[in-house]
Amino acid sequence: MKIIVTDRDGEVSELRGIAGWQLMELIRDEGLPILAECGGCCACATCHVYVDEEWLDKLEAKNEEEIDMLDLAFEVQDNSRLSCQITMTERLDGLRVTLAPE
Amino acid sequence: MDTSEHTTDVIIVGAGPVGLFAVFELGLLDMKTHLVDILDYPGGQCAELYPEKPIYDIPAIPVCTGQELTDKLMEQIRPFSPTFHLGQMAEALEKTPDGAWRLTTDNGTVITAPVLVIAAGGGSFVPKKPPLKGLDAYEGTSVFYSVRRMEAFRDRRVLVAGGGDSALDWTIALQPLATSLDLVHRRDDFRAAPASVNAMRELVGSGAMSLHVAQLRGLKGADGKLEAVTVSGGDGEYDIPCDTLLAFYGLTMKLGPVANFGISLERNLIPVDTEKFETDVPGIFAIGDINSYPGKLKLILSGFHEAALMSQQAFRYVYPDRRLRFQYTTSSSALHEKLGV
């Protein structure tokens, strides 16, 4: 399983996906610049990513907590997600995301 | 400005769970403590980020919330009567001629002690700044992240950005003083107290203020004087005339002035040994999430352990002539006396 992550400078990294892991954990462990201050409990909005349009309908819908927490993020778009709220599954093999500004 | 001067045994920078537990471990060894924290309340990340979220890995406590853990720690350290300096940032550190540490906060408080413990977690909580071009040039004159004195906003054209309680509370409080008030939030839903949301909507309904479902895009003005904020929403991009922007997007953590304390840093963390959790500067310790050593885990329980070991060495600085007596709280009547049990 792989994930394609574009950072804020446009650099593209290919990460190995692991089923059951949070997307945030995979991005963080790769050493990419994502703060993820609260450690993945949907309490800080510092793991904000944009999901490529083609993948949006393959993701579980945002819950109310994630929608609320996105109020603390900047430049929120329709494809904005908190990456700690995306759990990797085989269905997401090839997922493409871009790190949002901080 | 609080320009009070204090002398104590140990200064602790950071009143999160690890800083609080350090009060206990130091207290058992007869050391008095003063704590400094930028937040207005103790608990650090537990209180600020996840007060309502469950924690399952505190030994012997199957589950507690961040706030409950904080409350329990405050109860546990009560016998040692620590002094808290809250809402202040540890700003400058210097060594006194007799070798003690003299810490000054941004509020003017001065604390002197032979031992300094940095338990600052991820750093100081500071406001999140919107990523807008040229923002820094307006800070302090036109752009603010908190309200210290409401009068400062009288007769100003205020734009409040955000959708939580701070944004709503200040919208309602400042509207009567301000010449104009515009609230900008990315959606027409608010995660604030329903009563505040209703009060805001009434003000909008009566024409006393405006609500824009939009996001910040840019600033217009010159020489630190804001003239308009550009936003974009369902109606496209447009300017809202204003001279003041108050942005409420929560807090983030920045290492801050600790970086200038003269201690070695590695990737914004403080390397320590694993015997005493002391930095490369004798008498300065680092415990909890802010330190690093081989095998470090950012767990509250690791910070508790670090606090206990740090206290042993701190004792040797504070009481160089005394022999350290290692005792158990279960059996020591001397410790019972300190604990008031």
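How many residues does the contact take from chain A and from chain B? It takes 14 residues from chain A and 16 residues from chain B, where two residues are in contact if their C-beta atoms, placed from the backbone, lie within 7 Å. Keep in mind that this is a predicted model: local features need pLDDT of at least 70, side-chain atom pairs count only at pLDDT 80 or more, and totals for chains, interfaces and linings use all residues. Residues are numbered from 1 along each chain as its sequence is written, while chains are lettered from A and ligands numbered from 1 in the order in which they are written.

Now for chain B itself. An automatic or database domain assignment sets the domain bounds, giving domain 1 (5-126 + 252-339) and domain 2 (129-249) of chain B. Taken over C-alpha atoms, their centres are 38 Å apart.

Next, an open sheet in chain B: five strands, parallel, in the order 6-3-2-10-21. Helices (H or I, at least four residues) and strands (E, at least two) are DSSP runs, numbered from the N terminus, and two strands pair if DSSP finds at least two bridges between them. Strand 6 (83-86) and strand 21 (284-286) of chain B sit at the edges, each pairing on one side only. Strand 10 (residues 115-118) of chain B pairs with strand 21 of chain B over three bridges, in the parallel sense, and Val117(B) stands opposite Phe285(B).

Axes are lines fitted to C-alpha atoms, for helices over the stretch in contact, and angles run from 0 to 180 degrees between N-to-C directions.

| Helix of chain B | Strands touched or crossed | Angle |
|---|---|---|
| Helix 1 (residues 17-28) | strand 2 (10-13), strand 3 (33-37), strand 10 | about 165° with strand 2 |

Ala314(B), in helix 6 of chain B, is buried, with 29 other C-beta atoms within 10 Å; 20 or more count as buried, 12 or fewer as exposed, and in between as partly exposed. Beyond four places in sequence, Ala314(B) contacts Val10(B), Leu26(B), Met31(B), Val115(B) and Phe285(B). Met31(B) is 283 residues from Ala314(B) in sequence, yet 8.6 Å away in space, C-alpha to C-alpha.
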